[in-house]
Amino acid sequence: MSILKDAIGKDISRITIPVAFCEPITMLQRLTEDMEYSHLLDKASNCADPCERLLYVAAFAVSPHCSTLNRLAKPFNPILGETYEFIKKDGFRLITEQVSHHPPISAFYVEAQNWLLQGSCCVRNKFWGKSLELFPLGTINLRFYHTGDYLTYNKVTCCVNNVLVGNKWIDHYGTMTIQNHTTGDVCRLEFIKQGWFTSASNAHQLKGQLHDNEGNLRYTIFGYWNQSLYAKPVTNGVEGEQFMIWQRNPLPPESKEHFNFTSFAMQLNELTEDMEKVLPATDSRWRPDQRALEEGKMDLAAKYKH
């Protein structure tokens with residue numbers, strides 16, 4: 001606790017955090033978690049209407065936020081040159097690498113049959129004592145092969161509240177812009193900041209609109225970043241019936257005993273004999289500190305980490 005008190009007003013990425021505050025994956029693997037709902041990009045690639053395509057890209061951009069709920073531990077910082085590779089059968093192939101130590105920057109490249117996703121992640125932070133704000137920098141780039149569409153989107157601010165005292169909770173807020181630079185269509189989503197007196201039923205809300213290249217409103221979007229997202233088509237100013245565009249996968253029964261991981265996150269540290277033969281020594285799965293933490297060997301994990 002004294003370490004955190006001394007960190008008030010400082011860049012927390014430069015401070016050594018005790019292993020007890022960590023979860024047994026690296027930031028490279030946390031980036032990989034963004035791909036849990038990659039089927040939304042597959043669905044988008046099959047949409048003939050560019051606005052409908054953009055709608056499912058927006059759903060994909062929102063989906064990673066649900067995995068942060070109750071994830072209050074910090075991932076391990078990758079060392080410079082550390083990598084992580086992941087292949088989803090009949091889905092995509094991903095590689096991430098830590099390309100800068102200070103500031104910490106992770107680059108990622110994901111390829112599938114119909115699309116390519118790439119970008120980098122650099123998080124600026126501000127520790128206020130009561131809360132820790134994380135400001136993701138950089139733009140995520142997406143290209144669909146068959147249409148040639150090039151899209152970009154950004155991430156919003158993440159805030160961990162009650163860091164020192166009280167029940168910790170996570171919030172996301174700010175404006176996310178998903179833009180198709182090829183067609184000119186744009187979607188803007190507003191993640192609504194949770195107030196101290198916000199009821200549980202109104203927490204985690206977001207809403208937004210999708211306009212075509214002529215400025216016409218095509219969809220209204222609303223929902224909750226922690227559970228589901230809905231849309232209503234708009235034709236000549238008249239809203240149609242709502243439909244679901246994304247829903248969170250249920251957590252496994254043992255999630256609470258395993259750092260509140262999702263089923264997807266639980267497989268990210270798997271290291272089979274076949275994988276051992278091909279993975280480079282730089283892969284995060286080889287880290288002895290996070291492997292020891294995963295196995296509950298706290299003293300050994302602390303020894304390796306420091």
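User: Hi! Which side chain makes a polar contact with the side chain of tryptophan 115?
Analyst: That would be the side chain of aspartate 42, at 2.8 Å. A polar contact is a pair of N or O atoms within 3.5 Å; within protein, one must be able to donate a hydrogen and the other to accept it, and residues adjacent in sequence count only if both atoms are side-chain atoms. Keep in mind that this is a predicted model, where local features need pLDDT of at least 70 and side-chain atom pairs count only at pLDDT 80 or more, while totals for chains, interfaces and linings use all residues. Residues are numbered from 1 along each chain as its sequence is written, and side-chain values use heavy atoms, with hydrogens and water left out.

User: How far apart are tryptophan 115 and aspartate 42 in sequence and in space?
Analyst: They are 73 residues apart in sequence, and their C-alpha atoms are 7.9 Å apart in space.

User: Is tryptophan 115 buried or exposed?
Analyst: Tryptophan 115 counts as buried because its relative accessible area is 0%. Buried means under 20% relative accessible area, exposed over 50%, and partly exposed in between, using a 1.4 Å probe and protein chains only.

User: Where is tryptophan 115, and what is it in contact with?
Analyst: Tryptophan 115 sits in strand β6, residues 115–127. Strands (E, at least two residues) and helices (H or I, at least four) are DSSP runs, numbered from the N terminus. Leaving aside neighbours within four places in sequence, its contacts (heavy atoms within 4.5 Å) include Met35, Phe92, Leu142 and Tyr145.

User: New topic: which strands pair with β11?
Analyst: Strand β9 (residues 150–153) is joined to β11 (residues 169–180) by three bridges, and β10 (residues 157–161) is joined to β11 by five. β12 (residues 186–191) pairs with β11 over six bridges. β9 and β11 run antiparallel, as do β10 and β11, and β11 and β12 pair in the antiparallel sense too. Strands pair if DSSP finds at least two bridges between them.

User: Which residues stand opposite each other there?
Analyst: Threonine 152 stands opposite glutamine 179 in β11, and cysteine 159 stands opposite aspartate 171 in β11. Threonine 177 has arginine 188 in β12 as its bridge partner.

User: What do β11 and β12 form?
Analyst: A hairpin, with five residues between the two strands. Glycine 184 in the turn has a positive phi of about 90°.

User: Which residues other than glycine have a positive phi?
Analyst: Histidine 204 is one of them, at about 65°, and asparagine 236 has a phi near 55°. Histidine 204 is in the loop between β12 and β13, whereas asparagine 236 is in the loop between β15 (228–235) and β16 (238–239).

User: Why does histidine 204 count as buried, and why does asparagine 236 count as exposed?
Analyst: Histidine 204 counts as buried because its relative accessibility is 14%. Asparagine 236 counts as exposed because its relative accessibility is 78%.

User: Last one: where is aspartate 212, and what does its side chain reach?
Analyst: Aspartate 212 is in the loop between β13 (205–211) and β14 (217–224). Its side chain reaches the backbone nitrogen of asparagine 216 at 2.9 Å.

User: And which residues is aspartate 212 in contact with?
Analyst: Beyond its neighbours within four places in sequence, aspartate 212 is in contact with Cys51, Gly184, Asp185 and Arg218. That Gly184 is the glycine in the hairpin turn we talked about.
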